[in-house]
Amino acid sequence: MLTKRIIACLDVDDGRVVKGVRFTHLRDAGDPAELAKAHSASGADEIVLLDISAAHQRRTTLLDTVRRTAKELFIPFTVGGGIRTLDEAAAVFASGADKISINSAALADPTLITKIAERFGSQAVVVAIDAKRQNGSWQAFTHGGRVSSNRNALEWALEAESQGAGEILLTSMDRDGTATGFDCELTRAIADQVNIPVIASGGAGGAAHFAKVFEKGHADAALAASIFHYGLSSLGDLKQYLNNNGIAVRWPC
Amino acid sequence: MIAIVDYGAGNLVSVKKALDWLGQECAITSSPVDVQRAAKIILPGVGHFSSTCTLASSGLQDAVTDAIKRNVPFLGICVGMQWLFSGSEEAPETRGLGLFPGICARFPQSVKSPHVGWNQLDVASKSCLFRGLTPRPFVYFTHSYFAPVNGTTVACCDYAGKFSAAVQQDLLFGVQFHPEKSGEAGLRLLSNFCAI
């Protein structure tokens with residue numbers, strides 16, 4: 001049976017992981033390469049690295065970070081944040097990413113999805129959608145949730161799929177950082193309509209939240225960042241919990 | 001020396017990285033001469049089945065076929081495995097090598113496609129590829145087309161029905177999943193291939 005994936009996200013600023021990190025046994029807990037390895041060892045099914053650096057410091061540091069992180073990582077590795085062109089995507093792949101995640105640039109030019117998919121395959125293109133509830137539906141936002149695209153999130157997800165996206169990384173802006181649980185309603189509204197996997201993100205606060213977004217939200221995967229450092233003692237405990245609750249996960253790894 | 005065949009499709013970095021980590025001497029190459037000289041050959045591939053047509057036009061197909069005839073260990077990954085079959089519905093005009101019988105088909109509309117994520121294998125035989133692995137290891141897949149189960153299937157997987165996750169005939173191997181992305185289990189499998 002295809003298992004539900006648990007994805008650990010690293011938010012990286014100028015080559016360093018931000019959002020408090022409590023892996024006490026690490027020599028350098030801010031180092032993306034060390035943290036990715038630790039997450040993989042404790043049962044993460046995938047790693048997503050999101051670059052949140054300011055534009056001017058971004059490119060060269062990012063590629064070096066990707067290279068170092070990918071070097072000893074043998075699970076799928078997605079890189080996102082500020083990728084605007086096919087050439088920029090190509091450089092990230094050449095540095096060792098398996099997939100890239102695009103958001104604002106895809107909304108500005110949806111054919112960017114197609115261009116990257118044609119060269120690297122749809123499986124390598126994740127379209128990230130930051131959705132916020134407005135007047136009874138969800139709108140897609142860009143630039144870290146600050147700018148409205150004036151696009152309905154569901155319509156945009158369907159267009160992204162038709163342009164060749166391989167997966168949707170769906171973040172609830174309403175839940176992000178609240179630790180009150182994933183937005184199951186949003187996740188289900190999109191997961192039931194597209195025919196590609198949907199990764200739920202935003203709001204994870206405990207193991208039960210993951211169970212709920214798989215069962216009620218129909219998510220194919222769930223992503224979180226800080227909970228893996230604060231809320232739960234380990235990814236292994238989360239997987240054990242899901243396994244005990246009848247949700248198919250890769251466990252034991 | 002292990003040749004990782006580059007035919008212009010997909011991302012070969014991760015396969016190279018895994019072999020480097022295992023301490024294997026390997027090189028990414030698009031040269032038929034390198035392929036002919038290689039002690040072992042790995043043909044990765046994600047992307048469209050039609051991209052395999054460049055193997056024929058570049059002379060790589062002849063080099064690979066010749067090596068397989070000489071019983072040089074060969075591992076096809078993902079589309080690299082599908083290419084060993086007669087063909088794929090994804091690109092009916094592009095012929096496969098036909099070393100394994102059957103045509104690769106698309107997953108039905110009833111399930112999400114591509115089949116992305118970790119799924120469990122049912123390892124049916126004592127293939128040397130799976131030595132030291134559990135009988136039901138988890139491995140990472142990402143594909144929309146699948147190869148049928150036949151007499152050469154050494155591991156099955158289930159997604160809207162059973163399909164061939166691994167095939168073997170003598171020292172000719174194909175795996176639909178990505179061992180280079182399948183954690184410890186995948187590294188063990190690659191290490192088994194390298195040890196042949």
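Residues are numbered from 1 along each chain as its sequence is written, chains are lettered from A, and ligands are numbered from 1, in the order in which they are written. In this predicted model, local features need pLDDT of at least 70 and side-chain atom pairs count only at pLDDT 80 or more, while totals for chains, interfaces and linings use all residues.

**View 1. Overall fold of chain B.** Chain B holds 6 helices and 13 strands (DSSP runs numbered from the N terminus: helices are H or I with at least four residues, strands E with at least two). Its C-alpha atoms fill a box of roughly 45 × 40 × 30 Å along the principal axes. Of the 196 residues, 53% are buried (20 or more other C-beta atoms within 10 Å of the residue's own, with C-beta atoms placed from the backbone). The mean pLDDT of chain B is 94, and 98% of its residues score at least 70 (pLDDT is the predictor's confidence in each residue, from 0 to 100).

**View 2. Helix α9 of chain A.** In α9(A), residues 235-244, the buried residues are L235(A), L238(A), K239(A) and L242(A). They lie on the same side of α9(A), because they cover an arc of only 95° around the axis (the arc of the directions from the helix axis to the C-beta atoms). These buried residues pack against β1 (5-13), α1 (32-41) and α8 (207-215) of chain A. Just after α9(A), G246(A) has a positive phi of about 80°.

**View 3. A sheet of 3 strands in chain B.** The sheet is open, with mixed pairing and the order β5-β6-β10 (strands pair if DSSP finds at least two bridges between them). Strands β5 (87-88) and β10 (145-146) of chain B are the edges, each pairing on one side only. β5(B) runs parallel to β6(B), residues 103-106, over 2 bridges. G87(B) has I103(B) as its bridge partner in β6(B).

**View 4. The contact between chains A and B.** Chain B contributes 28 residues and chain A 29 residues (contact: C-beta atoms, placed from the backbone, within 7 Å). On the side of chain B that touches chain A, β7(B) gives the most, with 6 residues. The model scores ipTM 0.94 and pTM 0.95.

Methods: Buried ≥ 20, exposed ≤ 12 C-beta atoms within 10 Å, placed from the backbone. Contact = placed C-beta atoms within 7 Å.
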